[in-house]
Amino acid sequence: MLMTPGLYARKTLLHVHYLLTSSCTVLTAPLDIVLYPFLDYNLYKAVHCLVNTVLHFAVALPLITTTRCAYGRDRFNGFSDIEQALMCAPDWKPGFLVVTAGIRALGKLVDNWLNIVLVVVEHNVGRVTVVCAQTATVGEVWAGVETLFEAKDRPLKLVGMSEALLAVTDGSSTAFHSLVDGASTVFALGHFPFPVDPKLGVAPVM
């Protein structure tokens with residue numbers, strides 16, 4: 001819900017950062033530190049999860065529970081007393097999954113910000129201790145997922161998610177490779193609700 005406005009906000013701040021640093025190099029280091037949180041996708045994911053957590057627990061959960069309970073208590077459906085009690089109990093899991101995702105994104109944001117502060121300070125004092133290793137190529141990510149995905153004989157599909165994020169999927173599992181978050185790869189094994197044929201095409205949904 002809020003990721004798309006966040007992406008536009010990030011692009012706007014990228015232009016602001018470029019405009020200010022190109023016209024006044026003295027501001028480069030302070031702006032790198034101050035503006036970095038607004039250039040990290042994790043900030044917008046954390047805000048997205050926070051808003052959706054409030055909406056879920058305040059609006060969605062009561063409505064879902066009330067509707068399911070009314071359906072369970074309808075005598076024409078023939079549910080037992082235990083089944084009715086279970087259907088009238090709220091399902092907390094989806095909400096806590098959103099909370100967990102938000103906390104994880106916030107933690108990554110703080111961790112990345114501290115790393116950037118260290119890199120900027122060391123660069124400006126002339127003492128560089130952080131040396132970035134060579135990022136993995138698309139071919140290396142492609143070869144790495146073949147050994148982890150369950151179906152070994154399924155074709156793979158490369159999907160561009162953004163300028164700095166790509167995904168490799170076999171229609172059942174997906175490996176998301178980020179080029180900005182320490183060039184890390186995150187695996188989502190079996191996350192498709194049902195297997196699809198990658199040869200027919202796979203497109204990202206933002």
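In the predicted model, 4 strands form an open sheet, and their order is 1-2-3-4. The pairing in this sheet is antiparallel. Strand 1 (157-160) and strand 4 (185-188) are the edge strands, each of which pairs on one side only. On average, and with direction ignored, neighbouring strands of the sheet are turned by 20 degrees against each other.

The pairing can be followed from strand to strand. Strand 1 and strand 2 are linked by 4 bridges in the antiparallel sense. A hairpin of 4 residues joins strand 1 to strand 2. Strand 2 (residues 165-169) also pairs with strand 3 (residues 174-178), again in the antiparallel sense, over 5 bridges. Here Ala167 has Phe176 of strand 3 as its bridge partner.

The helices were examined next. Two packed helices are described by the angle between their axes and by the distance between the axes. For helix 1 (residues 3-23) and helix 2 (residues 28-39), the axes come within 10 Å and cross at roughly 175 degrees. An angle over 145 degrees counts as roughly antiparallel, and helix 1 and helix 2 are therefore roughly antiparallel to each other. On the side of helix 1, the contact involves Arg10, Leu13, Leu14, His17, Leu20 and Thr21. These residues meet Thr28, Leu31, Asp32, Leu35, Phe38 and Leu39 of helix 2. Sorted by class, the contact of helix 1 with helix 2 holds 7 nonpolar, 3 polar and 2 charged residues.

Helix 1 also meets helix 3. The axes of helix 1 and helix 3 come within 9 Å, with a crossing angle of roughly 150 degrees. Helix 1 and helix 3 are therefore roughly antiparallel to each other, and their crossing is right-handed. Helix 1 contributes Met3, Gly6, Leu7, Ala9, Arg10 and Leu13 to this contact, while helix 3 contributes Tyr41, Tyr44, Lys45 and His48. The contact of helix 1 with helix 3 comprises 6 nonpolar, 2 polar and 2 charged residues.

Helix 3 passes helix 5 in a left-handed crossing. The residues of helix 3 in this contact are Asn42, Leu43, Lys45, Ala46, Cys49, Asn52, Thr53, His56 and Phe57. From helix 5, the contact includes Pro94, Gly95, Phe96, Val98, Val99, Ala101, Gly102, Ala105, Leu106, Lys108, Leu109 and Asn112. By class, 12 nonpolar, 7 polar and 2 charged residues make up the contact of helix 3 with helix 5.

The protein chain has a mean pLDDT of 83, and 86% of its residues reach 70 or more. Within the chain, confidence is highest in helix 3, at a mean of 91. Confidence is lowest in helix 6 (residues 138-146), where the mean is 68.

How values were computed. Residues numbered from 1 in each chain as written. Predicted model: local features only at pLDDT ≥ 70, side-chain atom pairs only at ≥ 80, totals over all residues. Heavy atoms only, no water. Left-handed = near helix turned anticlockwise from the far one by under 90°. Helix = DSSP H or I, 4+ residues; strand = E, 2+ residues; numbered from the N terminus. Contact = heavy atoms within 4.5 Å. Nonpolar A, V, L, I, M, F, W, Y, C, P; charged D, E, K, R; others polar. Pairing = 2+ DSSP bridges. Axes fitted to C-alpha atoms, helices over the stretch in contact; angles between N-to-C directions. pLDDT = per-residue confidence, 0-100. Parallel < 35°, antiparallel > 145°, perpendicular 65-115°, else oblique.
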